[in-house]
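This report goes through a two-part topic: how one chain is packed inside, and how it meets its partner. Please read it alongside the sequence and the coordinates.

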Amino acid sequence: MVAMSDPIIELKGSLFPLSVLYCQDFSVAALRQELSNKLAQAPGFFTQAPVVISVENCDQIPDFNAIKQLFTELQLVLVGVCGADAALKKAAHAAGLAALQPPKAGKTAEPVKAAPAAPAAPTVITTENKTIEQNIRSGQQIYVKGADLIIRGTVGAGAEVIADGNIHIYGALRGKAIAGAGGDASKKIYCYNMQPELISIAGNYWLSDNLQGDYWGKPVCIGLQDGQLMLAELF
Amino acid sequence: MAKIIVVTSGKGGVGKTTTSAAIGTGLALKGHKTVIVDFDIGLRNLDLIMGCERRVVYDFVNVINGEANLKQALIKDKRLDNLFILPASQTRDKDALHKEGVERVLNELSDEFDFIICDSPAGIESGAMMALYFADEAIVVTNPEVSSVRDSDRILGMLSSKSRRAEQGLPGIKEHLLLTRYNPERVQKGEMLSVDDVNDILAIKLLGVIPESQAVLNASNSGQPVILDADSDAGQAYLDTVSRLVGETVPFRFLNVEKKGLLKRIFGG
């Protein structure tokens, strides 16, 4: 028995942060292209993220069912639409989507825009080990998802090399190296000449300031031991 | 087909325009038909360094917009028959350049010239990208100090990722390092990066070392490319550089502190 004062369900109003997608083109093909590009810039970041589509500047009724299907494919959760007029609301409801109020002006701090935004730097994404046979220059950024990064060259000051796996650098490391970016504490950084701006393994990092000393400019292996970064000579 | 060479650096004030003028003139001296194109739209300087500022009628942007043809815009050098200048526009900004227009002009120049020298603006924005996009070779002008070296590193990254050659998967742009304003005495005192220091960081082939020289400022102010001042150390260093650019082997000079003779020590020099 459940007492009257102890209801089985309860409905309470709450506020949640939701990403709102603003787009110019509501065709599935265009959305697939733009969203895939966007997601590729930050893999994993938007996985199963709840998203609302703004349909404010939508002049015809899009195929909400197909869009929903696309979101599922891309591992996003389409919650509803906002800024819909009566006809759009009806179509959204028919597809099982909620019609929400448009966000208040000034609160659309970081809309996830589907409009093409040029990535800041070239990012390499792969699930296999990646070997690069040249120098990584200042301003360049390399990311290897789920695997090791091997560089037969130098990583310049102001460059960033990131891998979920180990990082091997057969030249000087003068920029940033981030290994075990996915959180794996067993990953290591190997470099032939260590003069970095920053090294990090699974979120534990040291800055250049912390690294001045015997190992500076030497061939070094960097690993994590009991949550503490450890340096060792390579030879 | 002309060889397109961009003179670039990232950082401003390191000597790109001086170098463009000197190398363009040097190639013409060696008998190659050469044009120097000023990509620094809005900050037109090349015409001053080349001493042809009073003869600018039409410019690069006019040609791109179809308001003038190349023949009208090209300025023939008064000293050398096979040297031409395509000046930048002073009244426009760098957005006046677009890839299609630049490509069309470069293709047209390519039919007639052996070398096209592109004098890049500073920075890494669209103007600099336009200057390097179509290049076959790049001369990266660097001063022996850390910020210039880092900016050069950044530009080298752009050369290998943002150029036409990179985008179309062609063999990469041939990169040359040109160290300018080099002062061996300050290097010896440890106040300035040495050739080896810079080489170690940038790791590209050294094309030349131009010593810090009073002759450069004099040349700029008189509109006379410094390479024509064959008595000056900077002029000679640029002559060596051009020789290396066309494949000759020339030993490097002006790298070490000059030993001063007794008279020089007494009277200065």
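**Basis and the main core**

Contact here means heavy atoms within 4.5 Å. This is a predicted model, in which local features need pLDDT of at least 70 and side-chain atom pairs count only at pLDDT 80 or more, while totals for chains, interfaces and linings use all residues. Residues are numbered from 1 along each chain as its sequence is written, chains are lettered from A and ligands numbered from 1 in the order in which they are written, and side-chain values use heavy atoms, with hydrogens and water left out.

Leaving aside neighbours within four places in sequence, B:V102 is in contact with B:F39, B:F60, B:I64, B:L97, B:M130 and B:F134. B:V102 is also among the residues with the most contacts inside the largest nonpolar core, which has 53 residues, and B:F39 and B:F60 are listed there with it. A nonpolar core is a set of buried Ala, Val, Leu, Ile, Met, Phe, Trp, Tyr and Cys residues joined through side-chain atoms within 4.5 Å; buried means under 20% relative accessible area, exposed over 50%, and partly exposed in between, with a 1.4 Å probe and protein chains only. Apart from this core lies another, of 34 residues, with B:A22, B:L80, B:L207 and B:A219 among them.

**An enclosed helix**

Helices (H or I, at least four residues) and strands (E, at least two) are DSSP runs, numbered from the N terminus. Helix 6 of chain B, residues 126–133, is largely enclosed by the rest of the structure, because seven of its eight residues are buried. The buried residues include B:M130 and B:Y133, and the buried set packs against strand 1 (3–8), helix 5, strand 5 (115–119), helix 7 and helix 8 (164–167) of chain B.

**The interface with chain A**

Between them, chain B and chain A bury about 950 Å², 38% of it on carbon and sulfur atoms, where buried area is the accessible area (1.4 Å probe) that two parts lose on being put together, summed over both. In chain B, the residues that lose the most area to chain A are B:R150, B:D153 and B:R154, together 47% of what that side buries. In terms of contact, 13 residues of chain B meet ten residues of chain A.

Three salt bridges are counted between the two chains, a salt bridge being a side-chain nitrogen of Lys or Arg within 4 Å of a carboxyl oxygen of Asp or Glu. B:R150 forms a salt bridge with A:E197, with the closest N and O atoms 3.6 Å apart. Helix 7 (146–161) and helix 10 (195–202) of chain B are the elements that give two or more residues to the side touching chain A, and the largest share, seven residues, comes from helix 7.

**Two loop positions in chain B**

B:Q90 is found in the loop between strand 4 (83–86) and helix 5 (99–110) of chain B, and is partly exposed, with a relative accessible area of 40%. Not counting residues up to four places away in sequence, B:Q90 touches B:G42, B:L43 and B:R44.

B:S232, in the loop between helix 11 (214–222) and helix 12 (233–245) of chain B, is buried, with a relative accessible area of 9%.

**Positive phi in chain A**

Most residues other than glycine have a negative phi. A:A202, whose phi is near 50°, lies in the loop between strand 13 (198–201) and strand 14 (204–207) of chain A, and counts as partly exposed at 23% relative accessibility. A:D226 has a positive phi of about 50° and counts as exposed, at 81% relative accessibility.
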